[in-house]
Amino acid sequence: RTVARGPLGGAATVGGVDVRTLAEEFGTPAYILDEDDFRARARGWREAFGEDADVFYAGKAFLCRAVVRWLHEEGLNLDVCSGGELAVALSAGMPAERIAFHGNNKSAHELEQAVAAGVGRIVVDSFEEIARLAFIADEQGVRQKVLVRVTVGVEAHTHEFIATAHEDQKFGLSLSGGGAAEAVRRVLKLESLELVGIHSHIGSQIFDTAGFEVAARRVVGLLSEIRDEHGIQLPEIDLGGGLGIAYTSEDDPSEPTLIAKALFEIVRRECAAAGLRVPRLSVEPGRAIAGPTTFTLYEVGTVKHLDGLRTYVSVDGGMSDNIRTALYDAEYSVALVSRSSDAEPMLTRVVGKHCESGDIVVRDAFLPADLAPGDLIAVPATGAYCRSMASNYNHVLRPPVVAVREGRARVVVRRETEEDLLRLDIDC
Ligand code: LLP
C-alpha cells in the first residue's frame with residue numbers, strides 16, 4: 001500500500017509527499033512511515049475486537065514516543081518487554097494501567113520500576129519471578145495484577161527462532177508438564193499478587209489461525225481446571241500476538257475482523273462447554289500494525305554485474321537497518337521509486353555496505369536493467385522489527401524514522417550521528 005508503484009518502478013509518493021523530496025530533505029537510508037496507515041491499522045484492530053477485548057500493541061515491533069501517542073489516541077494498550085520500552089511508554093504519556101510487562105527474565109530493577117509506575121499487568125514467566133515480584137510488590141505495599149504465561153505446546157508454522165509455544169524453548173510455564181498449574185498455585189498463595197488471567201503467545205508471522213484455536217482451547221481448559229481446583233474463575237485471557245503480514249505477493253494475511261471473529265467464537269464455544277463465564281480477551285499484535293506502514297528508502301551506490309550469475313546492487317544501509325533477511329531468511333520485495341524505467345527487468349540481489357557477504361537486504365529481486373548509482377529504491381513492509389532490531393555494526397549510523405501525513409513529513413526518530421557513537425566510547 002505504502003509504495004505506490006510496481007516492481008519496475010516509477011516516481012512514488014507516500015502520504016502526499018514525493019520520495020525524492022524525502023530523500024533530499026532527510027537523506028538515505030531512512031525508514032518512511034505512513035502515519036495515517038499506522039493509525040488506521042491500530043484503529044482497525046481496536047474496532048475488530050470491540051468493547052469486550054483489549055488490544056495491546058507489541059512495542060517490540062517498533063516503539064517511539066510518537067507511536068505511543070498514536071496508540072493512546074486510537075484507544076490501544078501497550079505491551080512492553082524491557083525497562084527501556086517501559087520508559088518510552090511512560091515518557092510519552094501512556095497511562096501505566098494500560099501497559100502490560102512481558103519477558104522471561106525481567107530484572108529486579110525492571111520489576112521495581114514497573115510496580116512503582118503502576119503497570120496494569122505483569123506477565124510472570126517463571127517460579128523465580130513469581131517470588132521476586134511478590135517480594136517487590138510487598139515492599140512497595142502494592143497488590144500487583146499478574147497473568148501467568150503458559151506454554152500451550154503448539155507447533156506454530158514459522159521460523160524456529162520466532163516460534164514460542166512448543167515445549168523446548170525458554171518462554172512460559174508448561175501446561176502439559178504441570179508448571180502452569182503450579183505457578184497458579186504459588187501466585188494464589190501470595191497476598192501481594194492478584195492473579196487475573198492466563199497468557200499465551202504462540203509465535204510470530206503466522207498465517208494459520210489453527211494454532212491460535214488450539215491455544216485458546218488449552219488456555220480455557222486451564223481456566224476450567226483452576227475453577228475445579230481453587231473454586232475461582234479468572235477474569236482474563238491474553239492470546240498474544242503473531243499475525244503475519246505480506247512481505248511478498250505470496251503472503252496472504254487475514255483481516256483483524258476475521259481473526260477477532262475466529263478467536264471470540266472459539267473462546268465462547270470452549271467456555272460454554274466448560275460452563276465458564278467468557279473471560280475478557282486480550283491480543284497483542286505488533287507486526288500486523290507496524291509492519292506494512294513503513295518502507296526503507298535507500299540510494300543505490302554501486303551496480304555490479306557478475307557474468308552468468310547475477311547483479312549485485314549495493315545500497316547505503318544493509319543488515320544494520322534490516323537484520324531479518326540474514327537472521328530469518330526473510331523475504332522482501334524492492335522497487336525503483338525515483339523515476340520510471342522502460343528497461344528490461346534484471347535479476348538482482350540487493351546488498352548493504354557492511355563487511356560481510358551475508359549482508360543481504362533482498363535476496364532475489366527484479367529491478368530495471370538501467371538501474372544506476374543515485375537511483376532511489378524502496379523496500380516495503382519494514383515497519384516491524386527493522387528499526388527496533390537495528391544495530392551499529394561497523395559503526396554505521398542508524399537511520400531516522402520519518403512520519404508522513406497529509407503532505408507533511410517530520411522526523412519521529414532522528415538519524416544517529418557520529419557524536420552519538422562517540423558519546424558511549426570512554427577514552428581512558
Ligand atoms: N506478544 C508477545 C508476548 C510476544 O513475544 C510478541 C513477539 C508479540 C506479542 C508480538 O508479535 P507480532 O504480532 O509482532 O508477531 N524479531 C522477530 C519477531 C519476534 C517476535 C517476538 N515476540 C522478527 O523480526 O520476525
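Tutor: First, a definition: two strands pair if DSSP finds at least two bridges between them, and strands are DSSP runs of E with at least two residues, while helices are runs of H or I with at least four, numbered from the N terminus. The model is predicted, so local features need pLDDT of at least 70 and side-chain atom pairs count only at pLDDT 80 or more, whereas totals for chains, interfaces and linings use all residues. Residues are numbered from 1 along each chain as its sequence is written.

Student: What makes S7 and strand S8 (residues 144–151) a pair?
Tutor: Three bridges join them, and the rule asks for at least two, so they pair. The two strands run parallel, and Ile122 has Val146 as its bridge partner in S8.

Student: How do you know that strand S6 (residues 99–101) pairs with S7?
Tutor: Two bridges link them, in the parallel sense. Phe101 of that pairing has Ile122 as its bridge partner in S7.

Student: Why is Ala343 called partly exposed?
Tutor: Ala343 has 13 C-beta neighbours inside 10 Å. Buried takes 20 or more other C-beta atoms within 10 Å, exposed takes 12 or fewer, and partly exposed lies in between, with C-beta atoms placed from the backbone. Therefore Ala343 counts as partly exposed.
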